[in-house]
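Keep the model open beside you as you read.

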Amino acid sequence: MSNQSLVNINTGTEKELISLIHIGPVRAKHIISNRPYKDLYELSSIPGLGKIKIDSIIHEGKAIV
C-alpha cells in the first residue's frame, strides 16, 4: 500500500469520506448518519451504493472499518 491515508467509515469526517471513490457530500452524510458498520458491504444501505461500487471502494484500498 502506498503512503495514502486510510479512512475509517465509522470515525471519518465528511471531508475524509468524500476522499473515497464514489462518495460525495450526500453519500458521506448518509454514511455518517447510519454508523456503525461491521464491514464495508454494509454500505449497501446507502442509496446508490451497490456491490459493484462497494467492490471498487474496497479495491481502492483507502476505506477501512
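Leaving out neighbours within four places in sequence, Leu49 is in contact with His22, Ile23, Arg27, Leu43, Ser44, Ile54 and Ile57. In this predicted model, Leu49 sits in the loop that runs between α2 (25-33) and α3 (51-60). Although it is a loop residue, Leu49 has a relative accessible area of 3% and is therefore buried. For a sense of distance, its C-alpha atom is separated by 17 Å from that of Asn10, 39 residues apart along the chain.

Leu49 also brings us to the largest nonpolar core, which has 15 residues. Ile9, Leu17, Leu20, Ile23, Ile31, Leu43 and Leu49 are the members that touch the most others. The elements giving two or more residues to this core are α2 and α3. In soluble globular proteins, nonpolar side chains tend to be buried together.

Beyond its neighbours within four places in sequence, Leu20 is in contact with Val7, Ile9, Glu60, Lys62 and Ala63. What is the nearest side chain of opposite charge to Lys62? That is Glu60, 4.4 Å away; a salt bridge needs a nitrogen–oxygen distance within 4 Å, so Lys62 is buried yet has no salt bridge. A polar atom of the Lys62 side chain does lie 2.9 Å from the backbone oxygen of Ser19. Not counting residues up to four places away in sequence, Lys62 touches Gln4, Ser5, Leu6, Val7, Ser19 and Leu20.

With 42% relative accessibility, Leu6 counts as partly exposed. The C-alpha atoms of Leu6 and Ser33 are separated by 20 Å, with the two residues 27 apart along the chain.

Now for the charged pairs. Side chains of opposite charge can pair when their charged atoms come close. How many salt bridges does the structure hold? There are two. In one, Lys29 pairs with Glu14, and the closest N and O atoms are 2.8 Å apart. Because Lys29 belongs to helix α2 and Glu14 to helix α1 (residues 14-18), this pair ties together parts that are 15 residues apart in sequence. Lys29 is partly exposed at 48% relative accessibility, and Glu14 is partly exposed at 27%.

Another salt bridge joins Lys51 and Asp55, with the closest N and O atoms 2.7 Å apart. Both of these residues lie in helix α3, four residues apart, or about one turn of the helix. Lys51 is exposed, at a relative accessible area of 56%, while Asp55 is partly exposed at 27%.

Methods: Residues numbered from 1 in each chain as written. Predicted model: local features only at pLDDT ≥ 70, side-chain atom pairs only at ≥ 80, totals over all residues. Heavy atoms only, no water. Buried < 20%, exposed > 50% of the residue type's maximum accessible area, 1.4 Å probe, protein only. Contact = heavy atoms within 4.5 Å. Lys, Arg positive; Asp, Glu negative; His and termini not counted. Polar contact = N/O pair within 3.5 Å; in protein donor to acceptor, adjacent residues only side chain to side chain. Core = buried A, V, L, I, M, F, W, Y, C linked by side-chain atoms within 4.5 Å.
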